[in-house]
Structure formats: structure tokens, C-alpha cells
Amino acid sequence: KIEMRVQTEEWRRFIPGVRMYKGKKTYFYNGEKLWDEENLEFLIYDREERETWEVIIVLPGVEVIPEGTFKNCRNIEKVIMSDSVKRIEKWAFYYCKSLKFVKLSRNLEYIGEWAFCGGESLTSIFIPPSCREVGNWAFLGCHKLIILSVPQTTDLGYNVIGNTALIRASHFE
């Protein structure tokens, strides 16, 4: 699919912000801090606006998706990351319950605690060989998760796949 093959050259013509792209309300993310965990407030865009986003495209040059960046963005269906992303911090995509597809950076090194927790619609995730650590509860509550591909060299935290289809399928009576 063309959507899965969006390359860096195509992204360069987009500036950060929200706009319609391929029929979906899309946020082109440039690494700005959108959530202040200390004060529990959004720094850019209000809750109602954030809940309308359907696609997140992480632009080239972004190395870190900060803590809580897309937390509670309940209508995000797709996330496409440029290969510059090295870290996804805790709660980055927490409770993105409509999230179905995530294309991780090929250079990703770390996925933080609770990063994709509550992603009820996520069915598969492919962790790249560059990833050294997946934090505690990273995919907890991803009820439909049936495929998790993780390199043997990746350290997995506690209860990474709790309350997923993978856990239910692994319990035999």
C-alpha cells in the first residue's frame, strides 16, 4: 500500500500541524512537547481537538516522542514514524483506543512504560532489531493484540502484554 510506503522525501514538503491528508485528519508531528506531565495539562491543542486526530505522521528529525504526547487521543487509527525516532517515552500513546496500525522507526531503541497501553484496536506490532528495551506494561490492555514480533536481544519489562489476546491464548486449562 502506498500509505505504508510514505518516504522521507514526501514528508519534507509538510510543515507541522493538523490538516486533512488522504481523507483523514492528520497531525504532522515535529517533536514539540504537547503534554506537561508535571502540571497535567496540554501545552498545544485542547482535548477536544486532540480527540479528532486520526493519523499521526512523525516527521524526519524527530528522535524522541516525549512522555504523554498523544495520551488519550482516542481516535488515532494509524501512526507512521520516520526512521529518525529512537525513543518513545512512557504514556506516549496511552489509551489511543482506536489505534490499529503502527509503523515503528527502523532505528527505534526504546519503548517506555505504558507507551501503547489501552490501545484496544491494535492487532500487531513489529519491534525492530535496534530496540534494546520495551518498558513495563507497554502493551497492557491491547485486547486485540495477536502478533508481537520482538527480537531476542530486546529486554522486555514486566507484564508487557498483560490483558492482550496473546496472554489469553497462552493460558491453557
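In these legends a residue is called buried when its relative accessible area is under 20%, exposed when that area is over 50%, and partly exposed in between (1.4 Å probe, protein chains only). The model is predicted, so that local features need pLDDT of at least 70 and side-chain atom pairs count only at pLDDT 80 or more, while totals for chains, interfaces and linings use all residues. Residues are numbered from 1 along each chain as its sequence is written, and side-chain values use heavy atoms, with hydrogens and water left out.

**View 1. Tyr 27 and Trp 53 form a stacked ring pair.** Rings of Phe, Tyr and Trp (its six-membered ring) pair if their centres lie within 6.5 Å, and planes under 30 degrees apart count as stacked, over 60 as edge-to-face and the rest as tilted. Here the ring centres of Tyr 27 and Trp 53 are 4.4 Å apart and their planes stand at 0°. Tyr 27 belongs to strand E2, whereas Trp 53 sits in the loop between helix H2 (47-50) and E5, 26 residues apart; helices (H or I, at least four residues) and strands (E, at least two) are DSSP runs, numbered from the N terminus. Tyr 27 is buried at 1% relative accessibility, and Trp 53 is buried at 0%.

**View 2. Trp 53 also pairs with Phe 70, edge-to-face.** The centres of these two rings are 6.3 Å apart, with 70° between the planes. Because Trp 53 lies in the loop between H2 and E5 and Phe 70 in the loop between E6 and E7, the pair ties together parts that are 17 residues apart in sequence. One aromatic cluster includes Tyr 27, Trp 53 and Phe 70.

**View 3. Five strands form an open, parallel sheet.** The order is E6-E8-E10-E12-E14, and two strands are said to pair if DSSP finds at least two bridges between them. Strands E6 (64-65) and E14 (155-156) stand at the edges with a single partner strand each, so one side of each is left without a neighbour in the sheet. Strand E12 (residues 133-134) pairs with E14 over two bridges, and Val 134 has Leu 156 as its bridge partner in E14.

**View 4. Cys 73 is in no disulfide.** A disulfide is a pair of cysteine sulfur atoms within 2.5 Å, and a search of the whole structure finds zero. The cysteine sulfur nearest to Cys 73, that of Cys 96, is 5.5 Å away. Cys 73 is buried, with a relative accessible area of 0%.
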